[in-house]
Amino acid sequence: MSMKILQRKYQKGFFILSALVLVLTVPLLIRGLVWESLKPARDQGPLNPVMISSEQKNISRELAALDKKLNSRRPKSYYLVINSAANEFSLYRGDQLITRDKCSTGSYVLLKNGEQQQWMFKTPKGEFRIQYKTISPVWKKPDWAFVEEGLPVPSANHHSRFEYGVLGDYALSLGDGYLIHGTLYQRFLGLPVTHGCIRMNDESLELIYRSLQVGSKVYIY
């Protein structure tokens with residue numbers, strides 16, 4: 001898949017997620033605007049109860065409409081929200097928060113292999129779905145893993161590409177090589193240290209694996 005196609009895909013997902021965030025924040029903006037609109041009246045003395053009542057009704061109608069719109073977009077089953085800035089994830093079921101904990105996301109380190117190849121280790125943002133789930137996953141090391149270690153890049157299926165036990169007990173694919181998985185270096189959780197995947201501790205990973213199904217939504221921002 002070309003870089004332009006990936007960029008369009010991630011941008012589309014990011015716009016969808018941004019819309020959800022906007023739906024959540026608009027009610028607060030409305031309250032602020034209404035309060036500012038009443039400022040001249042406040043400066044002149046006590047507010048007219050009739051005016052206040054009318055504005056409150058307008059706000060209530062706006063909030064009800066926004067709540068309805070939000071609820072129509074919110075998944076009814078389990079879904080995952082990942083804050084890549086805070087390196088924190090939240091697992092929800094409908095509007096109920098199940099758990100929240102630390103994770104690790106992309107480091108934004110740029111790795112170059114001469115002038116021909118380069119990799120930016122960032123976690124993509126947007127709306128994703130679980131593509132498949134694996135127990136006891138085996139990591140097939142990509143080319144950058146060898147470049148990073150200063151080693152020659154082997155053939156596509158060379159035995160040196162396969163490593164066991166480094167991804168934890170479970171892995172969930174987001175597509176395009178990005179996984180939610182475990183780590184041997186749990187002391188670094190909460191820091192941006194990955195090559196783009198989302199790392200979790202053992203307990204959180206097991207809960208996520210058992211809660212999310214193939215097709216479940218994952219929002220990354």
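View 1. Leaving aside residues up to four places away in sequence, S173 touches R129, I130, Q131, Y132, Y178 and L179, a contact being heavy atoms within 4.5 Å. The model is predicted, so that local features need pLDDT of at least 70 and side-chain atom pairs count only at pLDDT 80 or more, while totals for chains, interfaces and linings use all residues. Residues are numbered from 1 along each chain as its sequence is written, and side-chain values use heavy atoms, with hydrogens and water left out.

**View 2. The largest nonpolar core**. Such a core is a set of buried Ala, Val, Leu, Ile, Met, Phe, Trp, Tyr and Cys residues joined through side-chain atoms within 4.5 Å. Of its 20 residues, L80, L174, I180, M200 and V218 touch the most other members. At least two residues of this core come from each of strands 1 (78-83), 2 (88-93), 10 (170-175), 11 (178-181) and 13 (217-220), and from helix 5 (202-211). Another core, of six residues, lies apart from it and includes W119, F121, W144 and V147.

**View 3. Two buried cysteines, C103 and C197**. C103 is buried at 0% relative accessibility, and C197 is buried with a relative accessible area of 16%.

Terms used: Buried means under 20% relative accessible area, exposed over 50%, partly exposed in between (1.4 Å probe, protein chains only). Helices (H or I, at least four residues) and strands (E, at least two) are DSSP runs, numbered from the N terminus.
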